[in-house]
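The sequence and structure come next.

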Amino acid sequence: MVRFSKLCSWLAIAAAVTWASATNLCAKENPELPQGHPDSSQWHDLFAPDLSNAIFPKGVWSWQDGVLTAAEDQCIWTKDQYTNFVLDLEFKNAEGTNSGVVVRCSDIKNWIPNSIEVQICDDFAEKWAKMPKTWHCGAIFGHLAPTKSMVKKPGEWNRMTITCRGPMVYVVLNGELVTQMDMRKWTSAKTNPDGSEIPPWLSRPVAELSLTGHIGLQGKHGDAPIWFRNIKIKVLED
């Protein structure tokens with residue numbers, strides 16, 4: 001029995017070492033894989049307090065006590081374009097909110113097929129809960145569902161971190177990495193790699209989209225408001 005116990009102990013140690021080695025190898029192979037949310041307190045604000053670095057319809061978007069919100073279903077865009085970056089922000093839904101964060105947009109006048117939208121949605125609302133999971137909060141809209149639902153109930157603040165590096169797009173929602181997209185795999189405008197259908201208005205294959213573009217926030221879409229705050233960005237080296 002003593003020898004058997006020692007054998008079990010040695011096997012347990014060996015298994016632990018093997019698991020640790022595999023974990024370290026995975027980390028080395030994916031050095032940029034996001035782990036939770038960053039400390040973005042010293043990063044640059046995506047939008048200036050006077051919105052002088054933004055493109056938006058006058059009278060639609062405004063700051064109120066440090067919170068950015070829209071009165072209509074109109075987007076706000078950065079004047080600058082970005083390639084590799086980390087975007088960290090907080091958002092709050094109302095009941096029935098359907099909004100999004102748009103990245104890599106090459107045409108702000110026709111942004112829907114020419115960009116990637118990270119979905120923001122009130123998954124608790126019946127009308128959105130019954131939609132495909134690629135419409136749920138944290139999804140790459142119409143293309144890739146989140147691995148789990150992490151959005152909080154309406155009225156509570158959520159945190160989202162989006163990392164774009166090369167063809168990779170990562171989404172961390174409330175502390176969990178929920179979405180990882182390799183844009184190169186989306187070569188069709190009709191079906192996703194898993195065979196699911198892509199909404200017809202997303203008429204360009206993601207693999208053909210530009211890696212450089214404007215960043216935008218969707219406004220009061222679906223007649224429900226959305227609120228943003230602490231919108232920070234860090235540009236990554238190529």
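## The open sheet

An open sheet is built from 5 strands in the order 2-5-12-7-8, and the pairing is antiparallel. Strands here are DSSP runs of E with at least two residues, helices are runs of H or I with at least four residues, and both are numbered from the N terminus. Two strands count as paired if DSSP finds at least two bridges between them. Strand 2 and strand 8 (116-121) stand at the edges with a single partner strand each, so one side of each has no neighbour in the sheet.

Within this sheet, strand 5 (residues 76-78) pairs with strand 12 (residues 214-217) in the antiparallel sense over 2 bridges. Isoleucine 76 has leucine 217 of strand 12 as its bridge partner.

## Basis of the model

The model is predicted: local features need pLDDT of at least 70, side-chain atom pairs count only at pLDDT 80 or more, and totals for chains, interfaces and linings use all residues. Residues are numbered from 1 along each chain as its sequence is written, and side-chain values use heavy atoms, with hydrogens and water left out.

The protein chain holds 2 helices and 13 strands. Of its 238 residues, 46% count as buried; buried means under 20% relative accessible area, exposed over 50%, and partly exposed in between (1.4 Å probe, protein chains only). Among contacts in the chain with a separation of 6 or more, 66% are between residues 24 or more positions apart, where contact means heavy atoms within 4.5 Å.

Strand 9 (residues 157-165) has 7 of its 9 residues buried, so it is largely enclosed by the rest of the structure. Strand 6 (residues 85-93) pairs with strand 9 in the antiparallel sense over 8 bridges, and strand 9 is joined to strand 10 by 6 bridges, again antiparallel.

Methionine 168 has aspartate 182 in strand 11 as its bridge partner. Two hairpins occur along this run. In the hairpin of strand 9 and strand 10, with 2 residues between the strands, glycine 166 takes a positive phi near 60 degrees. The hairpin of strand 10 and strand 11 also has 2 residues between its strands, and asparagine 174 in the turn has a positive phi of about 50 degrees.

## Nonpolar cores

A nonpolar core is a set of buried Ala, Val, Leu, Ile, Met, Phe, Trp, Tyr and Cys residues joined through side-chain atoms within 4.5 Å. The largest has 49 residues, of which Leu87, Phe91, Val101, Met160, Leu217 and Phe228 touch the most other members. Apart from it lies another core of 5 residues, including Cys75, Trp77, Cys105 and Trp111.

Leaving aside neighbours within four places in sequence, the contacts of phenylalanine 91 include Ile120, Cys137, Val151, Trp157, Met160, Leu173 and Phe228. Glu156 and Asn158 are also among the contacts of phenylalanine 91.

## Cavity and pocket

On a 1 Å grid over the protein atoms alone, a cavity is a set of points where a 1.4 Å probe fits but cannot get out, and a pocket is an open set with protein on both sides within 12 Å along at least five of seven lines; lining residues have an atom within 4 Å of a point. Grid points are joined across faces, edges and corners, and a volume is the space filled by probe spheres set on the points. A search of the whole structure finds 1 cavity of 30 Å³ or more. The largest cavity holds about 40 Å³ and is lined by Ile112, Pro113, Ser115, His143, Leu202, Ser203, Arg204, Val206 and Leu209.

The largest pocket has a volume of about 280 Å³. Of its 16 lining residues, Glu117, Phe141, Trp201, Gln218 and His221 are the closest to its centre. Strand 8 supplies the largest share of the lining, 3 residues.

## Two loop residues

Histidine 136, in the loop between helix 2 (126-129) and strand 9, is buried with a relative accessible area of 14%. Proline 49, in the loop between strand 1 (44-45) and strand 2 (54-55), is exposed at 70%.
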